[in-house]
Amino acid sequence: MAERRIVLTKEIPVAGSYDVVVVGGGPAGFIAAIAAAREGASVALIERYGFLGGMATAGFVAPLSVFTYNGEKVIGGIPWEFIERLEKMHGGLIEKPLGNVAFDPELYKLCVQRMVLEAGVELYLHSYLSGVEASDGYIQSVVIENKSGTEALEGKVFIDATGDADLAYLAGVPMQEQDGEKLQPASTYFVLSGVDTDSDLVRTAMHHNRQGVNCQCEPVRKKLLEIAEKEGIPSFGGPWFCTVLHDGVITVNMTRTEVDACDNKAFSAAECELREQVFRMAAILKKYFPEFKDSYVSSVAPQAGVRETRRIKGVHTITAGEYVSGYRYEDSISRGAHPIDIHASTGPSQGLTFLKQAAYVPYRALIAKDFPNIIVGGRCISADREAFASLRVQASCMGTGQAAGVAAAHAVGKDVRRVDISLLQSRLRLIGAII
């Protein structure tokens with residue numbers, strides 16, 4: 001039976017015109033918006049939730065990693081300013097020497113909001129990207145849906161910080177091929193309260209401050225594997241625990257399921273499955289570990305954490321060989337230092353390759369060949385699967401978001417593929433980026 005389609009025609013009001021329009025208010029997007037605005041551009045930031053922060057605040061993904069490697073900072077500038085401001089608000093804990101950052105999700109939301117508004121960015125919250133007006137690769141406007149109806153935002157340069165490359169995909173930017181590889185699984189984080197955070201087991205596990213070590217809680221993992229068949233425990237990862245800076249409360253990362261998060265029906269089913277897993281796993285922890293005997297689920301992340309979906313095929317694709325060797329590009333604009341971290345789509349296994357030195361990211365991985373006014377940042381940059389498995393984490397996303405924001409402001413009225421790289425690098429260094 002042929003697929004039935006409905007064709008609608010309607011007039012869409014233009015709600016605003018800007019130099020730079022950023023789609024996605026997660027780690028890459030909010031940093032990009034601040035960076036572009038501070039460079040003098042008029043900026044709009046579109047976010048589907050009623051708050052900013054992306055996977056940190058909608059997914060409870062913690063800690064924020066990795067800002068420091070081999071004793072040296074690798075992500076600086078606006079991202080580090082954000083971390084320092086969050087710490088002063090008592091909402092962040094910098095785990096030295098590695099530079100992973102534990103955080104309070106609610107204070108994270110507030111800190112981001114303040115910084116974005118201080119920069120003069122106009123916010124479109126509760127707004128979902130639904131379409132693109134483009135011709136020959138040039139984007140004139142994006143279409144969003146919200147309580148005001150359908151609206152359009154015009155822009156001169158657009159930044160895709162959606163994580164899933166939604167804007168780039170709608171504009172026709174070619175995507176990396178999956179080559180038959182299964183996507184890394186999605187995981188729903190949850191918050192457990194009533195935990196004995198003074199116990200040796202939890203206190204050690206909830207601080208992620210050891211370079212070259214997988215910070216999963218080994219004693220709990222060992223026991224879970226022993227009782228998996230008896231208790232019918234579903235596929236799990238870790239587990240990883242992280243402090244949220246309050247006694248008795250931690251985030252838990254252990255659920256997982258294989259899903260393409262760009263398939264709405266499949267992702268809906270996965271969210272339901274993962275919610276079931278949350279309460280199953282919480283009950284297991286409570287039953288078998290005295291540190292969790294008084295614990296309860298106090299919050300479940302509004303959205304499952306997504307590790308891998310689409311990423312663009314850019315002017316340059318970062319390869320694992322380049323990344324692991326620490327190859328420094330002439331157009332380097334950011335760094336990455338997280339291990340190459342590939343979670344099995346099913347089962348408890350995880351591939352982990354630690355870097356000898358921090359890697360580099362070229363500007364060419366943020367732009368596509370035939371698209372003159374779109375730049376990407378964060379999880380949808382152009383990288384092969386192995387390099388991406390390191391660059392997908394939040395500090396790296398903030399770094400590429402910062403570069404995308406500065407570049408976008410400099411590209412207003414120009415072609416993003418013709419940005420003066422020396423000027424871009426000079427400006428990034430001036431604001432504290434490490435490139």
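Predicted model: local features only at pLDDT ≥ 70, side-chain atom pairs only at ≥ 80, totals over all residues.
Contact is taken here as heavy atoms within 4.5 Å.

Helix 1 covers residues 27-38. At 1.5 Å a residue, its 12 residues should span 16 Å, and the end C-alpha atoms lie 17 Å apart, which agrees. The helix is mostly covered, with 11 of its 12 residues buried. Among the buried residues are Pro 27, Phe 30, Ile 31 and Ile 34. Just after helix 1, Gly 40 adopts a positive phi of about 100°.

Two packed helices are described by the angle between their axes and the distance between the axes. For helix 1 and helix 3, the angle is about 25° and the axes are 10 Å apart. Angles under 35 degrees count as roughly parallel, and the two helices are therefore roughly parallel to each other. Helix 1 passes helix 3 in a left-handed crossing. In this pairing, Pro 27, Phe 30, Ile 34 and Arg 38 of helix 1 meet Tyr 108, Val 112, Met 115 and Val 116 of helix 3.

Phe 30 and Tyr 108 also belong to the largest nonpolar core, which has 105 residues; both are listed with Phe 82, Ile 318 and Ile 375 as having the most contacts inside it. Beyond its neighbours within four places in sequence, Phe 82 is in contact with Phe 30, Tyr 108, Cys 111, Val 112, Met 115 and Met 398. A second, separate core of 26 residues includes Leu 224, Val 252, Met 281 and Leu 285.

How values were computed:
Residues numbered from 1 in each chain as written. Heavy atoms only, no water. Core = buried A, V, L, I, M, F, W, Y, C linked by side-chain atoms within 4.5 Å. Buried < 20%, exposed > 50% of the residue type's maximum accessible area, 1.4 Å probe, protein only. Helix = DSSP H or I, 4+ residues; strand = E, 2+ residues; numbered from the N terminus. Expected span 1.5 Å × (residues − 1). Axes fitted to C-alpha atoms, helices over the stretch in contact; angles between N-to-C directions. Parallel < 35°, antiparallel > 145°, perpendicular 65-115°, else oblique. Left-handed = near helix turned anticlockwise from the far one by under 90°.
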